Every structure is written in structure tokens, then in C-alpha cells.
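Colleague: I have some labels to check. Can we take them one at a time, value against cut-off?

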Amino acid sequence: MECIGRCQVYKLKNELRKLAQTMDKPDYIKDLCNALKNATRLYILKAMVNGRYSVSQLQQELKKKGYSHSQDTITEEYLQPLITVGLATESQDEYYATNFGERLTELLGVFPEFATVLPAH
């Protein structure tokens, strides 16, 4: 079990299986765009690409950027939409970007004004 827990191929296979199920939902593209059009969510996703964060650590990261949010708000308004569309995941009370989230963040780095281009509603 320890070998499986550290195996990147096994983790990627499971992530892709979950992502395929998530992408099969009819409103997936709409949900993905809604998750990505929020600048705070993108900031959190970029932070999570670099490592695992607890909610309190993410709260501190947001404070550095000038945001003041409760841990409940961070979880419900920012992390949950990222998890729902498969960009982030949680393990042992720590949140991190999935491989899909990492790759999409890399692609969005070329287009930093992405969040502002999408309509508000």
C-alpha cells in the first residue's frame, strides 16, 4: 500500500478517472469558466501549484495579497468550485492543484487577463 500511495502513475490514473467523470456533466464547461473567472480563485490555484496548503495557510497567503476572508469563505467560495471542476483536490486537510489544474494554470500564465475577459454572469 505504501508503494501505491507514492506511485505517480497510480495517482495520475485515479485523477484522470475522476476528471473524466466530472467532464461528462453537461454544464462542465460553464462551471469551469465560472471557476476560472474569479481572480482570487486563480491566485489560490497558482499558490497550490507550488505546494499543499491548509485553509489557514491559504488565508495567510490571501492576507499577503490584501484579502481578508474567513476560513469558511475560502473553503466554500474559492476552494469548493476549484475542486468541483477538477482543478484542485484535498487530502488530509491540505489542498493542492491536480495535474489538470497545474497544466491549466501554466496555460493561463500566458494569458493573465483571462479572468477579466469573461463576463460577470
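Modeller: Start with a definition. A polar contact is a pair of N or O atoms within 3.5 Å; within protein, one must be able to donate a hydrogen and the other to accept it. Keep in mind that this is a predicted model.

Colleague: What makes the approach of the Arg41 side chain to the backbone oxygen of Asn34 a polar contact?

Modeller: The distance is 3.0 Å. The cut-off is 3.5 Å, so the pair qualifies.

Colleague: Where is Arg41 found, and which residues does Arg41 contact beyond its sequence neighbours?

Modeller: Arg41 belongs to helix 4, residues 39–49. Leaving aside neighbours within four places in sequence, its contacts are Asn34, Ala35, Glu77, Tyr78, Pro81 and Leu82.

Colleague: Why is Arg41 said to have no salt bridge?

Modeller: The nearest side chain of opposite charge, Glu77, is 4.8 Å away. A salt bridge needs nitrogen and carboxyl oxygen within 4 Å, so Arg41 has none.

Colleague: How many salt bridges does the structure hold?

Modeller: The structure holds 3.

Colleague: What makes Lys30 and Asp31 one of them?

Modeller: Their side chains meet at 3.7 Å, N to O. The limit is 4 Å, so the pair counts. Lys30 has 47% relative accessibility, so Lys30 is partly exposed. Asp31, with 31%, is partly exposed too.

Colleague: What about Lys64 and Glu61: buried or exposed?

Modeller: Lys64 has a relative accessible area of 64%; exposed means over 50%, so Lys64 is exposed. Glu61 is at 18%; buried means under 20%, so Glu61 is buried. Their side chains form a salt bridge at 3.1 Å, N to O. Both residues lie in helix 5, 3 residues apart, about one turn of the helix.

Colleague: How do you know that Arg103 and Glu106 form a salt bridge?

Modeller: The N to O distance is 2.8 Å. That is within 4 Å, so the label holds. Arg103 and Glu106 sit in helix 7, 3 residues apart, about one turn.

Colleague: Which residues of helix 7 are buried?

Modeller: In helix 7, residues 99–108, they are Gly101, Leu104, Thr105 and Leu108.

Colleague: Why are they said to line one face?

Modeller: Seen down the axis of helix 7, the buried residues fall within an arc of 105°, so they line one face of the helix.

Notes. Residues numbered from 1 in each chain as written. Predicted model: local features only at pLDDT ≥ 70, side-chain atom pairs only at ≥ 80, totals over all residues. Heavy atoms only, no water. Buried < 20%, exposed > 50% of the residue type's maximum accessible area, 1.4 Å probe, protein only. Helix = DSSP H or I, 4+ residues; strand = E, 2+ residues; numbered from the N terminus. Arc of directions from axis to C-beta. Lys, Arg positive; Asp, Glu negative; His and termini not counted. Contact = heavy atoms within 4.5 Å.
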